[in-house]
Amino acid sequence: MNAPTNLTAADFKSDVKPIWCPGCGDYAVLSSVTKALADLGKPREEIAFISGIGCSSRIPAYTNVYGFHGVHGRALPIAAGVKLARPDLTVLAAGGDGDGLSIGGNHFMHACRRNVDMTYIVMDNQVYGMTKGQASPTTAPDWCNSKLTPEGTGISPVEPARLALAAGANFIARGFSGNPNEVARLIVEGVNHPGFSFIHILSPCVTYRPEQREWKNAVHAGDATPAQLIAEAMHRLAADDGYTTGVLFAGNRPPFMPERKVSASFADLERKFVS
Amino acid sequence: MTTDIATFLAHAVALEQEAAERYAELADAMEVHNNKEVAELFRKLSQFSQLHLEEVKGIAAGYELPQLKPWEFQWQDGESPEAAPSERTHYMMTPYHCLQLALFNEKKGHVYYADRAYKATDPEVKKFAQLFADEEAEHVVMLEKWVATVKPPAEGWDQDLDPPGDAE
């Protein structure tokens, strides 16, 4: 292991200027990510940051580590591939609620149960912002400000933390972009916790969901001691109003890492095609 | 050894640094959204915070400041008091709103230092907290004068003739 670096949060920011709307919570998440990376003390070339598609998925471009802006909903399989091929890297994936829980919902579920050692950050604003404000999987059923769902979706929203727990995620935390220093702590803890870590961040969309500016009055800190047993975490999450912040679950499942061994030489493989 | 004054000055440095960074970030965001006038104003506010940062760093130069993690700072709202709350911004905001935001931040900065001065038991912390509180009070007065020279925007300032949600 290399010695800790003296890089600051600013060293982890790229020269690319974000094009998010002023007031968007994702600015604060970017600040949390760069602060967390600085605190982790790893050199930039030992970190990979993978995303899907959407406003929040632009985040790797704004950081100064290896980045991959992937296909819609496919951040997690790409990130898992990176981690399995290069276990020495610290791998983070990020995206929004639509990318991660609808288009990529299936990958999310299996990433949780597979438990590859990586950290997934979902910036949840309960709306598809990039495509001009449609209901997402986390939107409340009675939100009717989109022309596509003028009477609301009428469908119960996905509860990301509960889904992650049920699917087998080994670390679950929730933060609020309005408290970026606390979110930085959650990211650091998630990265340091072995296995698949899920960081659910409430990140307001001030353009299509201006009422989310009030989230700052709704969020509240949870139990200082995270649940370590699934049953206990389920019990807590069953009573959760969706605004509890902090580490919600810290499990102890060993991460998935297949044994790396050479099963055939290049000569063997070549022979198969030549003969 | 970490002393009360060193911890206090570490907070003072972070306060100005975060204010400068946030204003610069807002300037960039306004530039991207073609709100050049407000972008320029945020840039100027960032420069002012940068000057204050240098000043505080000068005072702190003789002390060994503790290396605090971002979440170890003792801020009342989780963020440093002069970091402009981004939820109070808008892509069509006017110079008036921008200065009102700066005034809001300076007032929070003043309250923070005044509170530190009031509660401090260490005489050195008390002295510097009072000094910084007085400076913030001066900034508040300056900004109030500045705001008074700017015309408040007319009603409907945020009406966008090509609103983001229109093409759905």
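User: Which residue in strand 6 of chain A does D124(A) stand opposite?
Analyst: The model is a predicted one. In it, strand 4 of chain A runs parallel to strand 6 (residues 196-202), and 7 bridges join the two. Within strand 6 of chain A, the residue opposite D124(A) is L202(A).

User: Which residue of strand 4 of chain A is the bridge partner of A93(A)?
Analyst: Strand 3 of chain A also runs parallel to strand 4, to which 5 bridges join it. For A93(A), the bridge partner in strand 4 of chain A is Y120(A).

User: Are the residues of strand 4 of chain A that point the same way as Y120(A) buried or exposed?
Analyst: In a regular strand, side chains alternate between the two faces of the sheet. Here M118(A), Y120(A), V122(A) and D124(A) point one way, while T119(A), I121(A) and M123(A) point the other way. Strand 4 of chain A is mostly covered, with 7 of its 7 residues buried. The residues on the side of Y120(A) are therefore, by the cut-off of 20 or more other C-beta atoms within 10 Å, like the others of the strand, buried.

User: Which residues of the largest nonpolar core touch the most other members?
Analyst: This core holds 74 residues, and helix 1 (residues 26-40) of chain A gives the most to it, with 8 residues. Beyond four places in sequence, Y120(A) touches L76(A), A93(A), A111(A), F196(A), S197(A), F198(A) and I199(A). The members that touch the most others are A79(A), Y120(A), I172(A) and I187(A).

User: Which elements of chain A do the buried residues of helix 2 pack against?
Analyst: The buried residues of helix 2 (residues 75-85) of chain A are A75(A), L76(A), I78(A), A79(A), A80(A), V82(A) and K83(A). They pack against strand 1 (47-51), strand 2 (66-69), strand 3 (90-96), helix 3 (97-103), helix 4 (105-114) and strand 4 (118-124) of chain A.

User: What radius of gyration does chain A have?
Analyst: Chain A comprises 9 helices and 8 strands, and buried residues make up 51% of its 275 residues. A compact globule with 275 residues would have a radius of gyration near 19 Å. Chain A agrees with this, because its value is 19 Å.

User: Which helix gives the largest share of the side of chain A that touches chain B?
Analyst: In the interface, 26 residues of chain A are in contact with 22 residues of chain B. The elements that give two or more residues to this side of chain A are helix 1 and helix 6 (180-192). The largest share, 5 residues, comes from helix 6 of chain A.

Definitions and conventions: Residues are numbered from 1 along each chain as its sequence is written. Chains are lettered from A and ligands numbered from 1 in the order in which they are written. This is a predicted model: local features need pLDDT of at least 70, side-chain atom pairs count only at pLDDT 80 or more; totals for chains, interfaces and linings use all residues. A nonpolar core is a set of buried Ala, Val, Leu, Ile, Met, Phe, Trp, Tyr and Cys residues joined through C-beta atoms within 7 Å. A residue is buried if 20 or more other C-beta atoms lie within 10 Å of its own, exposed if 12 or fewer, and partly exposed in between; C-beta atoms are placed from the backbone. Helices (H or I, at least four residues) and strands (E, at least two) are DSSP runs, numbered from the N terminus. Two residues are in contact if their C-beta atoms, placed from the backbone, lie within 7 Å. The radius of gyration is taken over C-alpha atoms; the globule rule is 2.2 Å times the number of residues to the power 0.38. Two strands pair if DSSP finds at least two bridges between them.
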